[in-house]
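Please look over the sequence and structure first.

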Amino acid sequence: MATTRFAQNDLARLSYEVAGPAHGPVVVLLHATLGDRISLRPLRERLEGQAKVILADARGHGASSGLAGRTLSSTDLANDVVAILEAEEVTDAVHLVGHGQGAISALELAHWSPDRIASMVLIEPDALSILEGEADDAVSEAREGARKANREAADHSYKGLADKALNRYLDRRWGQGWQDRLTKPRLAAVRRSVQALSASLDAEERFRILPEHLEALASPVLVVTGEDSPEAEQHIADRIASWIPGSDRLVVESLPGGAPFSPSDGGAAGPIADWVLARFG
């Protein structure tokens with residue numbers, strides 16, 4: 001049984017839940033933009049028997065503080081993770097699993113506080129800046145197409161045009177007709193988070209990390225995409241994996257939009273959990 005708790009980082013009230021034993025390895029699960037901690041529960045269920053699992057709602061998502069009219073940075077996101085760890089009195093290095101925006105939070109934290117990281121799983125990292133300077137025309141086209149969609153979605157969100165913002169962002173990320181594939185509770189959760197879209201996408205746009213920073217990472221890293229992941233995110237994952245020495249690269253059959261870890265043939269929850277569990281030694 002998971003317990004819902006709250007942490008405070010300056011003015012931001014952060015919602016999270018904790019499951020599993022009080023002692024032993026700690027795994028922190030960080031969801032994607034327009035996701036929430038509930039979307040990560042299939043991963044929690046596979047890990048909580050052997051680890052203390054913390055599932056966090058990012059700012060503007062789930063039960064955490066809203067983001068309407070506020071700015072956000074990748075440093076803020078990383079500091080939110082630290083605030084939750086401090087609230088839980090976690091001092092040992094943790095295993096981070098980040099999806100999309102959550103992967104950016106994990107990378108930012110690993111860059112500034114590498115001693116806090118035991119291992120990382122980076123799923124579909126939302127880091128288009130990784131592809132800057134790319135000479136391959138196909139990669140450049142995928143990057144600019146994604147960047148254009150993100151900027152237009154952020155602008156629609158800022159102007160309060162919720163449906164246009166969601167369609168512009170999620171048609172690319174989850175595929176057209178995404179609304180019809182979500183349960184009613186999941187669709188409602190996505191709509192509640194739309195006010196966070198402008199600030200979240202702006203934070204992702206401004207995120208920067210250099211090859212030498214990734215090359216310096218000493219903890220084990222797994223980089224994950226699905227066969228159905230957008231082209232830009234697949235290129236980002238390939239680039240990150242090539243820059244991190246000894247990293248593992250995994251392509252699963254599917255990461256369905258809105259419910260990426262739901263049980264299904266070819267799903268991601270099983271192999272990701274197995275990789276994390278193997279890092280416990």
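Buried here means under 20% relative accessible area, exposed means over 50%, and partly exposed is in between. Glu88, with a relative accessible area of 11%, is therefore buried. The model is a predicted one. A search of the whole structure finds 26 salt bridges.

**Salt bridges between distant parts of the chain**

- Glu88 pairs with Arg5 in a salt bridge whose closest N and O atoms are 2.7 Å apart. The two residues are 83 apart in the chain, with Arg5 in strand S1 (residues 3-9) and Glu88 in the loop between H2 and S5. Arg5 is partly exposed at 32% relative accessible area, whereas Glu88 is buried.
- Asp80 and Arg59 also meet through their side chains in a salt bridge, at 2.7 Å from N to O. Asp80 belongs to helix H2 and Arg59 to the loop between strand S4 (52-56) and H2, 21 residues apart. Asp80 is buried, with 5% relative accessibility, and Arg59 is buried, with a relative accessible area of 13%.
- Asp163 forms a salt bridge with Arg191, where the closest N and O atoms are 2.7 Å apart. This pair links helix H5 (residues 162-173), which holds Asp163, to helix H6 (residues 184-192), which holds Arg191, across 28 residues. Asp163 is partly exposed at 45% relative accessibility, and Arg191 is partly exposed at 38%.
- One network, joined by salt bridges that share partners, takes in Glu132, Arg143, Glu144, Arg147, Arg151, Glu205 and Arg208.

**Surface charge**

- A patch of negative charge on the surface gathers Asp136, Asp137, Glu141 and Glu231.
- Glu141 is part of helix H4 (residues 137-158). Its relative accessible area is 61%, so Glu141 counts as exposed.

**Positive phi outside glycine**

- Glu89 has a phi near 55 degrees, a positive value in a residue other than glycine. Glu89 sits in the loop between helix H2 (74-87) and strand S5 (94-99) and is exposed, at 69% relative accessibility.
- Glu124 has a positive phi as well, near 45 degrees. Glu124 is placed in the loop between strand S6 (117-123) and H4 and is buried, at 4% relative accessibility.

**A buried loop serine**

- Ser219 occupies the loop between helix H8 (211-215) and strand S7 (221-226). With a relative accessible area of 14%, Ser219 is buried.
- Apart from neighbours within four places in sequence, Ser219 is in contact with Ile117, Ala118 and Ser119.

Note on methods: Residues are numbered from 1 along each chain as its sequence is written. This is a predicted model: local features need pLDDT of at least 70, side-chain atom pairs count only at pLDDT 80 or more; totals for chains, interfaces and linings use all residues. Side-chain values use heavy atoms; hydrogens and water are left out. Patches are made of residues with over 30% relative accessible area and no salt bridge: like charges are joined within 9 Å, nonpolar side chains (Val, Leu, Ile, Met, Phe, Trp, Tyr) within 5 Å. Accessible areas come from the Shrake-Rupley method with a 1.4 Å probe; for residues, only the protein chains shown count as cover. A salt bridge is a side-chain nitrogen of Lys or Arg within 4 Å of a carboxyl oxygen of Asp or Glu. Lys and Arg count as positive and Asp and Glu as negative; His and the chain ends are not counted. The place of a charge is taken as NZ of Lys, CZ of Arg, CG of Asp or CD of Glu. Helices (H or I, at least four residues) and strands (E, at least two) are DSSP runs, numbered from the N terminus. Buried means under 20% relative accessible area, exposed over 50%, partly exposed in between (1.4 Å probe, protein chains only). Contact means heavy atoms within 4.5 Å.
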